[in-house]
Every structure is written in structure tokens, then in C-alpha cells.
Amino acid sequence: MVMANKKWSVKRITVNLASTEVEMLETYCQMTGRPATDVIRELIRTLELRASA
């Protein structure tokens with residue numbers, strides 16, 4: 001199924017993370033060459049999939 005072009009509705013959020021969590025995220029981003037925003041979006045999408053299963 002092809003989704004029609006939708007304009008993104010963007011909402012900025014602030015997340016408080018422990019220093020160990022920040023370190024893990026930064027390390028993962030360096031290893032994969034991906035920005036944190038993309039990694040976090042992907043993780044959120046997997047939560048949606050798990051919730052509907």
C-alpha cells in the first residue's frame with residue numbers, strides 16, 4: 001500500500017536521560033553513522049508495532 005504524500009506535523013519534545021543512556025545513544029549513533037533523531041524515531045515506531053501485535 002502506497003501512502004499519499006502527507007505533510008509532516010512536527011512537534012518538538014524534550015527527553016531527560018541519565019548520563020549512561022546518553023552515552024549509549026551517542027555510542028550507537030557513532031557506530032551506525034545515524035543521527036539520534038532517526039534512531040529515536042525508529043525505536044518509537046517499533047513500540048507502535050509491538051503495541052498492535
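Isoleucine 13 sits in the segment before helix 1. The model is predicted. In this model, isoleucine 13 is exposed, because its relative accessible area is 58% and the cut-off for exposed is over 50%. Ile13 also belongs to a nonpolar surface patch and is among the residues closest to the centre of the largest pocket.

**Overall make-up**
- The chain has two helices and zero strands.
- Helix 1 covers 19-32, and helix 2 covers 36-52.
- The chain has 53 residues, and 4% of them count as buried.
- Its accessible surface comes to about 5600 Å².
- Carbon and sulfur atoms hold 58% of that surface.

**The nonpolar patch**
- Three residues form this surface patch: Ile13, Val15 and Leu17.

**The largest pocket**
- Its volume is about 700 Å³.
- The lining has 15 residues, and those closest to the centre are Lys11, Ile13, Thr37, Ile40 and Arg41.
- By class, the lining has eight nonpolar, two polar and five charged residues.

**The second largest pocket**
- This pocket holds about 180 Å³ of space.
- Its lining is made up of Glu21, Met24, Leu25, Tyr28, Val39, Ile40 and Leu43.
- Both helix 1 and helix 2 supply at least two residues of the lining.
- Helix 1 gives the most, with four residues.
- Six of the lining residues are nonpolar, none is polar and one is charged.
- Ile40 lines this pocket and is also among the residues closest to the centre of the largest pocket.

**Salt bridges**
- Side chains of opposite charge can pair when their charged atoms come close.
- The structure holds two salt bridges.
- One joins glutamate 42 to arginine 34, with the closest N and O atoms 2.7 Å apart.
- Glutamate 42 counts as partly exposed, at 39% relative accessibility.
- Arginine 34 is partly exposed too, with a relative accessible area of 27%.
- The other joins arginine 41 to aspartate 38, with the closest N and O atoms 3.5 Å apart.
- Arginine 41 and aspartate 38 are three residues apart in helix 2, so about one helical turn separates them.
- Arginine 41 is partly exposed, with a relative accessible area of 33%.
- Aspartate 38 is partly exposed as well, at 35%.

Technical notes:
Residues numbered from 1 in each chain as written. Predicted model: local features only at pLDDT ≥ 70, side-chain atom pairs only at ≥ 80, totals over all residues. Heavy atoms only, no water. Buried < 20%, exposed > 50% of the residue type's maximum accessible area, 1.4 Å probe, protein only. Areas by Shrake-Rupley, 256 points an atom, 1.4 Å probe, with all protein chains shown as cover. 1 Å grid on protein atoms, 1.4 Å probe; cavity = no way out; pocket = protein on both sides within 12 Å on 5 of 7 lines; lining within 4 Å. Points joined across faces, edges and corners; volume = space filled by probe spheres on them. Nonpolar A, V, L, I, M, F, W, Y, C, P; charged D, E, K, R; others polar. Patch = residues over 30% accessible without salt bridge, like charges linked within 9 Å, V, L, I, M, F, W, Y side chains within 5 Å. Salt bridge = Lys/Arg side-chain N within 4 Å of Asp/Glu carboxyl O.
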